[in-house]
Amino acid sequence: MVRPLILTHCGAGSDRSVQDAAEVAGARGLEILRHGGKALDAVIEAIVVLEDDPRLNAGTGSRMRIDGRIQMDAALMNWDREAGSVAAIEEVKNPIRVAHDVLKTPHILLVGRDATEFARSKGHAAYDPSTPESRRHLEESLEKIRNGRLPRYARKWKGVAVHDTVGAVAGSSTGGVAFMLPGRVGDSPIVGAGLYAGPRGAVSVTGIGEEIIKQVLSKSVYDRIADGLSPQAAADRGLTLFPDDVPIGIIAVTSRGWGESCNRDMAFFASAARRTF
Ligand code: GLY
């Protein structure tokens, strides 16, 4: 008998205060799997729970660009390598549902205003994902830019800091990082960077998108699994590619079990205790 398994997380740097969100999202996905639903639908509905939680940096409550706009990224990838993603999409409630609509087209990635227009054509109503907290985050970020108190990986920009992506294996959704130019796209909607799935398993990562893209992190972890490493060993190996001051989190699942590795606190949920070392 195949026992369903789902992993969810609230982003590298998320703490115990949002652990309930990872658990509720995982429970939602598991419910779908237990009723015979498809893994893709379980991942979508789990991510919708995370996007709808205003405490998390995806969907409602996403980080703002430095001009005060919210532009979101989301992606899905199936074991058969079918993928759909959106980047810098605005004014939709659930970017992951739009990514699913993209997956049904001949394309993989739609961006910006055209992604938003595509969403409208598919019936996604206009929605403002900002919250008082996302406005407060922006004020804090602008203050850090003015003070020049920036982490090492962000100095080149004179601004661009931390993180947060929520994801379930084979899916991810994010409002981006703390300091962002309008139009910036992170790792989350990039196949091979923010997520990868294939016959050997699936990988989803969180952290600083620019650093993740440079390492093609999800594909790199997937390839190690395909070479025979356990998901835990592959995730741990992936983490060694980054210095400690770059927040990174990795979740990976295979038919034999799962692995999770993060250099920060990360609210995380696994529906079964099959961590495979
Ligand atoms: N990992 C989220 C981002 O960099 O956009």
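Visitor: Which residues make the nonpolar surface patch of about 290 Å²?
Guide: Ile108, Leu109, Val111 and Val191 make that patch. Patch residues have over 30% relative accessible area and no salt bridge, with like charges joined within 9 Å and nonpolar side chains (Val, Leu, Ile, Met, Phe, Trp, Tyr) within 5 Å. Areas are Shrake-Rupley with a 1.4 Å probe, and for residues only the protein chains shown count as cover.

Visitor: What should I know about the model?
Guide: This is a predicted model, where local features need pLDDT of at least 70 and side-chain atom pairs pLDDT 80 or more, while totals for chains, interfaces and linings use all residues. Numbering runs from 1 along each chain's sequence, and side-chain values use heavy atoms, without hydrogens or water.

Visitor: Where's Ile108?
Guide: Ile108 is in the loop between helix H3 (95-103) and strand E4 (109-111); helices (H or I, at least four residues) and strands (E, at least two) are DSSP runs numbered from the N terminus. Ile108 is partly exposed at 44% relative accessibility (buried is under 20%, exposed over 50%, partly exposed in between).

Visitor: New topic: how many salt bridges are there?
Guide: The whole structure has 14, each a Lys or Arg side-chain nitrogen within 4 Å of an Asp or Glu carboxyl oxygen.

Visitor: What does Glu140 pair with?
Guide: Arg136, with the closest N and O atoms 2.2 Å apart. They sit four residues apart in helix H5 (residues 132-147), so about one helical turn separates them.

Visitor: And Arg184, buried or exposed?
Guide: Arg184 is buried, at 8% relative accessibility. Its salt bridge partner is Glu210, at 2.9 Å, N to O.

Conventions. Buried < 20%, exposed > 50% of the residue type's maximum accessible area, 1.4 Å probe, protein only.
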